[in-house]
Amino acid sequence: MPALGYQTDRRPLPEDEYLHGDEVRLLSLLATGLPVESVARRLNVCPRTVRRRCRGVCDKIGVSSVIEAVAWAARRRLI
């Protein structure tokens, strides 16, 4: 399975910004190591939607991969 990596030119959000509950749930499911298809089934969406939402979260927090996004959320104790 290819890694979910993204190029972004966006800067990270200020510390007072936050992720929404559905974004945190997405990252927490991905943090367990589930493949995108399994995450999609649990969220009742298609795998393409999971990938699009991952890209959105990465852009929002200014990281270039889902692994970095999961680490970002873990450092902030969101997951």
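Mentor: Buried means under 20% relative accessible area, and exposed means over 50%. Please bear in mind that this is a predicted model.

Trainee: Which residues of helix α4 are buried?

Mentor: In α4, which spans residues 66-75, the buried residues are Val66, Ala69, Val70, Trp72 and Ala73. Viewed down the axis of α4, these residues fall within an arc of 160°, so they line one face of the helix.

Trainee: What general idea lies behind such a pattern?

Mentor: An α-helix has 3.6 residues a turn, so residues three or four places apart point the same way. On the other side of α4, Ile67 and Arg75 are exposed.

Trainee: Against which helices do the buried residues of α4 pack?

Mentor: They pack against α1 and α3.

Trainee: How are α1 and α3 oriented to each other?

Mentor: One considers the angle between the two axes. Helix α1 (residues 21-31) and helix α3 (residues 47-61) pack at an angle of about 110°, and their axes are 11 Å apart. Angles of 65 to 115 degrees count as roughly perpendicular, and α1 and α3 are therefore roughly perpendicular to each other.

Trainee: Which residues in α1 and α3 meet?

Mentor: From α1, Glu23, Leu26, Leu27 and Leu30 meet Val50, Arg53, Cys54, Val57 and Lys60 of α3. By class, this contact has six nonpolar, three charged and no polar residues.

Trainee: How many residues does the largest nonpolar core have?

Mentor: A nonpolar core is a set of buried nonpolar residues joined through side-chain atoms within 4.5 Å. Here the largest one has 20 residues, and those with the most contacts inside it are Leu19, Leu27, Leu30, Val50, Ile61 and Ala69. The elements giving two or more residues to this core are α1, α2, α3 and α4.

Trainee: Let us turn to the backbone. Where is Asn44 found, and what is its phi?

Mentor: Asn44 is found in the loop between α2 (36-43) and α3. Its phi is positive, about 55°, although Asn44 is not a glycine. Asn44 is exposed, with a relative accessible area of 72%.

Trainee: What is the phi of Arg77, and is Arg77 buried or exposed?

Mentor: Arg77, in the segment after α4, has a phi near 60°, a positive value in a residue other than glycine. Arg77 is exposed, with a relative accessible area of 75%.

Conventions: Residues numbered from 1 in each chain as written. Predicted model: local features only at pLDDT ≥ 70, side-chain atom pairs only at ≥ 80, totals over all residues. Heavy atoms only, no water. Axes fitted to C-alpha atoms, helices over the stretch in contact; angles between N-to-C directions. Helix = DSSP H or I, 4+ residues; strand = E, 2+ residues; numbered from the N terminus. Parallel < 35°, antiparallel > 145°, perpendicular 65-115°, else oblique. Contact = heavy atoms within 4.5 Å. Nonpolar A, V, L, I, M, F, W, Y, C, P; charged D, E, K, R; others polar. Buried < 20%, exposed > 50% of the residue type's maximum accessible area, 1.4 Å probe, protein only. Arc of directions from axis to C-beta.
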